[in-house]
Amino acid sequence: MKRVLTIAGAAAQGSAGIQADLKTFQERDVYGMSVITATVANNSRTNQGIFIRDIEEIEAQFYAATEMVGVDAIKTGMLFSTKIIERVSSLLKELPVPNKVIDPVMIGKMGSQLLADDAIEVLKKQLIPQATVITPNRLEAEKLLGREIPSDLHALREAAKELYELKPQAVLLKGGNIDGQAVDIYYDGQTVEVFRMPLIDTIHTSGAGCTYAACLTAELAKNVPMKQAIQTSKQFVHAAIEHALSFGTGIGSVRHGAARQE
Ligand SMILES: Nc1ncnc2c1ncn2[C@@H]1O[C@H](COP(=O)(O)OP(=O)(O)O)[C@@H](O)[C@H]1O
Ligand SMILES: Cc1ncc(COP(=O)(O)O)c(C=O)c1O
């Protein structure tokens, strides 16, 4: 069984972050492990929010997983600070893992800030160049490029190519709604490929980005070729959104296990 490690924030509400990743890994039949970098505990009653873990705790988790179990693929999500990104980048450099999916998480669906403003440079310079693939949404891509990206296919293709200059092996840019379709653009320095699924009319997409990248990480760990892995992940997250759950108020969670029932 392939072993997959997520380095990300824990999302107490269960939709995103570590929780989304581990649920998705289980669905994709890989062995999931975690390094928790922070805890997101949004609560409008108590006003509590984000707690950041210390470096020693992050290192201990990393070595427990990589030395005691071993790892075939890694995904990163919420890393929050410059200090954490620097340490995670150096830990990853030590480890000869063929598949590293870097999801440059910046803002939660409910507006939580998941990356410090001063951490973008180190994300660009130290972490992204180690990526097998990066998975920014349009807003994250705008922050990485320092410019606006119009919401059309041509502009997204150009942006994917510009993101490739940050030196990941490939870019999977989530373009959002283009003519009623949920469109993502892939670029690996050679070919551009567009992945499309019908757009579902819902606000309940909390965890969609994490689930998509986690599925991709699991498929790559199983040595599925990149484009096939993306296609599988696109279908997996589509089902998760189609059958999303809304337990409380606000933006509900994707149903990570929905593809199994289809
Ligand atoms: N309403 C929707 N209908 C269909 N697919 C969607 C919808 N919302 C997001 N997706 C897809 O889910 C994946 C994750 O996207 P997104 O929600 O943009 O990520 P993030 O959570 O990082 O913003 C992408 O492939 C995107 O196209
Ligand atoms: C820890 C953590 N990581 C990542 C995210 C981003 O989630 P999504 O997949 O909805 O973009 C969130 C959202 O709140 C989060 O709490």
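**Exercise 1. In which loop does Phe80 lie, and is Phe80 buried or exposed?**

Solution. The structure is a predicted model, and the elements are located in it first.

Step 1. Phe80 is found in the loop that joins strand 4 (73-76) to helix 3 (82-94).

Step 2. The C-beta neighbours of Phe80 inside 10 Å number 20. A residue is buried if 20 or more other C-beta atoms lie within 10 Å of its own, so Phe80 counts as buried.

Step 3. With neighbours within four places in sequence left aside, Phe80 contacts Thr37, Ala38, Ile52, Leu114, Leu115, Ala116 and Ala119. Ala38 belongs to strand 2.

Step 4. Phe80 and Ile50 are separated by 30 residues in sequence, and their C-alpha atoms are 9.9 Å apart.

**Exercise 2. Does the end-to-end distance of helix 7 agree or disagree with its number of residues? Describe also its burial and its part in the nonpolar core.**

Solution. 

Step 1. Helix 7 has 14 residues, and at 1.5 Å a residue these should span 20 Å.

Step 2. Burial is recorded for 14 of the 14 residues of helix 7.

Step 3. The largest nonpolar core has 73 residues; Ala160, Leu163, Val171, Leu173, Leu216 and Ala240 touch the most other members. Helix 7 supplies the largest share of this core, 10 residues.

Step 4. Not counting residues up to four places away in sequence, Leu216 touches Val101, Ala229, Ile230 and Ser233.

Step 5. Helix 7 is followed by Asn223, with a positive phi near 65°.

**Exercise 3. Which residues come nearest to ligand 1, and which are the closest to ligand 2?**

Solution. 

Step 1. Ligand 2 is surrounded by 18 residues, of which Gly9, Ala16, Gly17, Gly108 and Gly209 are the closest. Strand 1 (3-11) and helix 7 (208-221) are the elements that give two or more residues to this shell.

Step 2. By class, the shell around ligand 2 holds nine nonpolar residues, eight polar ones and one charged one.

Step 3. Around ligand 1 there are 17 residues, and Asn137, Ala182, Ile200, Ala208 and Gly209 come nearest. Two or more residues of this shell come from each of strand 7 (171-178), strand 8 (181-187), helix 7 and helix 8 (226-242).

Step 4. Helix 8 gives the largest share of the shell around ligand 1, four residues. By class, that shell divides into eight nonpolar, six polar and three charged residues.

Note on methods
Residues numbered from 1 in each chain as written. Chains lettered and ligands numbered in written order. Predicted model: local features only at pLDDT ≥ 70, side-chain atom pairs only at ≥ 80, totals over all residues. Near = placed C-beta within 6 Å. Nonpolar A, V, L, I, M, F, W, Y, C, P; charged D, E, K, R; others polar. Expected span 1.5 Å × (residues − 1). Buried ≥ 20, exposed ≤ 12 C-beta atoms within 10 Å, placed from the backbone. Core = buried A, V, L, I, M, F, W, Y, C linked by C-beta atoms within 7 Å. Contact = placed C-beta atoms within 7 Å. Pairing = 2+ DSSP bridges.
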